[in-house]
Each structure stands twice: as C-alpha cells, then as structure tokens.
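Subject: Structure handover

Hello,

Here is the structure for your files. My notes on it follow below.

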Amino acid sequence: MERPRVLIVTPALASANNGNWHTAARWQRFLSALAQADVALAWQGEPVDALIALHARRSAGSIARFRAAHPQRPLALVLTGTDLYRDLAAGDAQAGHSLECASHVVVLQDEALQRLTPAVLAKARVIVQSASRYVRLDKAQGSFDLVAVGHLRDEKDPLTLMRAARLLPADSPIRIVHVGAALDATLGAEAERTMAQCAAYRWLGGRPPPAARRWIARSRALAHMSRMEGGANVVIEAVRSDVPVLASRIDGNVGLLGRDYDGYFDVGDAGGLAALMQRFANDAAFARRLAVQCEARASRFSPAAEAANVRALLAAMVPE
C-alpha cells in the first residue's frame, strides 16, 4: 500500500524557533516511517490524504480551504495555548470555524480537556510533547543559577521575572539567566535596564535551541512565568534534564506537572516568584521534593511515548 501523504501546517517555520515549529518538526520525524510527511506554512492545494494543522486561528485559512475542497478527508487540529485560553475563549470566529472543520482535535496536556465542549471532547485526544534526556552533572558552583527560556513577549510574562529579580536580597546567591529574543522592543529595553540595575539578572537574548537546552541542563531550576501555554516545550525539557520547575499556576503548566505539584506561584506575582526562588535555594528538602515530583513525570515526556501517540493519531485519521 502506498504511504499516505500528510501535510503538517504550522504558522512558524524553523527561523521562528518557537514551540509550534518544534512540535511540527518532531511530528514530521515521528511520521516519516509511515507517511510522506511534509511541513509548510500553509496548504496551497497540493494533493494530500490528511492535514494536521497547528493553531486554530493562525492556520484558519488552510483549514477552511482544505475542508471546502475535501469535505470527507481527515483534518486534525492541534490546539495551542492562545487558541484555548484566548481566541476560542473570546469567541474568535476563525478559531471557532477551524474547530468545526476538524475531524480530530489534539490538545497538549490534560487540563486542556476541561476547556472543550462535549461535542469537541468526543473527537479530542491528548498528545503530550516530548524531549530527549539531557542531564549534566557539572552544575554551576559558587552561585545558584536559575534559568528562564522564552522569547520576550507578553504571553510569556518576562516582566514578572525581572521584577522578581529586583526583589531578591542583595546578598542572595541566586543568579537568573534569561534566554529569549526580544519580540517586543519595550520588553527588550526593560530587560537591558534590569540587567544594568540588578546583579542577579542576566539577559542573553535569543539563542539556538541546543544552546538554550544546555542552559537548562546546567541550571538548578527553570523559572516559567507564562500567562498562557498549550503545553510548554521548555518545561518538558527541564523535567527531562532533571531540572525542577518553578511555574506559574496556569492550565498549561498544571496539565504537565500535575495538580499536586508544589512549585507553583500565582500568575504575575513577582513577590511570590521571588519567595519561591529563595525557598528553593535555601530549603534543600523543598528542592528535593520538587525534583522527586518532576522525576515522577519524566517518563510521560519521552520521545517514544509521544511518537506512539502521534502514530496512533495517523492511524485514526488514515486507517489501513
């Protein structure tokens, strides 16, 4: 039997270095043994047996064109954080139409299922993203490095990290390394200002994915401040690197780390984040508890588990 042709549509390609691109690239690899899988910014009418689209609103044009041209062909919609927690919640018409067009719906963490209507839930599944193991034993000595990885834009809430850095005591051993390109010039300027005024904070700007992963692996903990997430790759990379996470209490983080995880702070609460960082640095038992909780989740984020679920999606879309 000829291998099915599958197109993965994503609103960002490699140059964007963001979560949508990384998801699309991984899924292409996972499907390559079973299908002719390609990644593109849009469906332009080329012949394919199935479409997988990331982002309900930003891929809405491709989704609508594909459904109109091929009413019976399978179309899987992968819902991102901005889909679930902004566009669909606000009643965006394009995002809503994409959801109607989809024959299959994918969310990236368990809590996202709570946001779906019964009709959408009936065609939905969870596919948790993955990362390879990457453990470094040469953690920084003499300081207590924490890392944050994410482009500087409002959804990632970098200002909360900068404000938290300013709240640390002058004699604190904590040093914060912030990796991410300034997609918002105002946020970039504030990062520069914070770095000049606060010895605890260092902004590196954008870095290639391997470099960002090395920073995660050498750090004591990852700080993740996002206001909304579908299911963040960097949280998964940290867990797979034996690096605990200090995370904002949002569905996208709770769905990955669990409702009983002890390393949360409230969204936008710089004081809460600063206190959590200090507790992690000063309370060895607390730090170990977070490490144990993350270790218990690590197997869920293995590439083998994600690959099996992506291939099961293809089998459901294009039965043999």
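The largest cavity is lined by Ala148, Val149, Gly150, His151, Lys156, Pro158, His178, Ala223, His224, Met225 and Ser226. On a 1 Å grid over the protein atoms alone, a cavity is a set of points where a 1.4 Å probe fits but cannot get out, and lining residues have an atom within 4 Å of a point. Strand 7 (144-149) and strand 10 (221-224) are the elements that give two or more residues to this lining; strands (E, at least two residues) and helices (H or I, at least four) are DSSP runs, numbered from the N terminus. By class, the cavity lining has five nonpolar, five polar and one charged residues. Here Ala, Val, Leu, Ile, Met, Phe, Trp, Tyr, Cys and Pro count as nonpolar, Asp, Glu, Lys and Arg as charged, and the others, Gly among them, as polar. The volume of the largest cavity is about 50 Å³, taken as the space filled by probe spheres set on grid points joined across faces, edges and corners.

This is a predicted model, in which local features need pLDDT of at least 70 and side-chain atom pairs count only at pLDDT 80 or more, while totals for chains, interfaces and linings use all residues. Residues are numbered from 1 along each chain as its sequence is written, and side-chain values use heavy atoms, with hydrogens and water left out.

The second largest pocket (an open set of points with protein on both sides within 12 Å along at least five of seven lines) holds about 310 Å³ of space. Of its 15 lining residues, His22, Arg26, Arg29, Ser130 and Glu237 lie nearest the centre. Helix 1 supplies the largest share of that lining, five residues. The lining of this pocket divides into seven nonpolar, four polar and four charged residues.

The structure holds zero disulfides, a disulfide being a pair of cysteine sulfur atoms within 2.5 Å.

Regards
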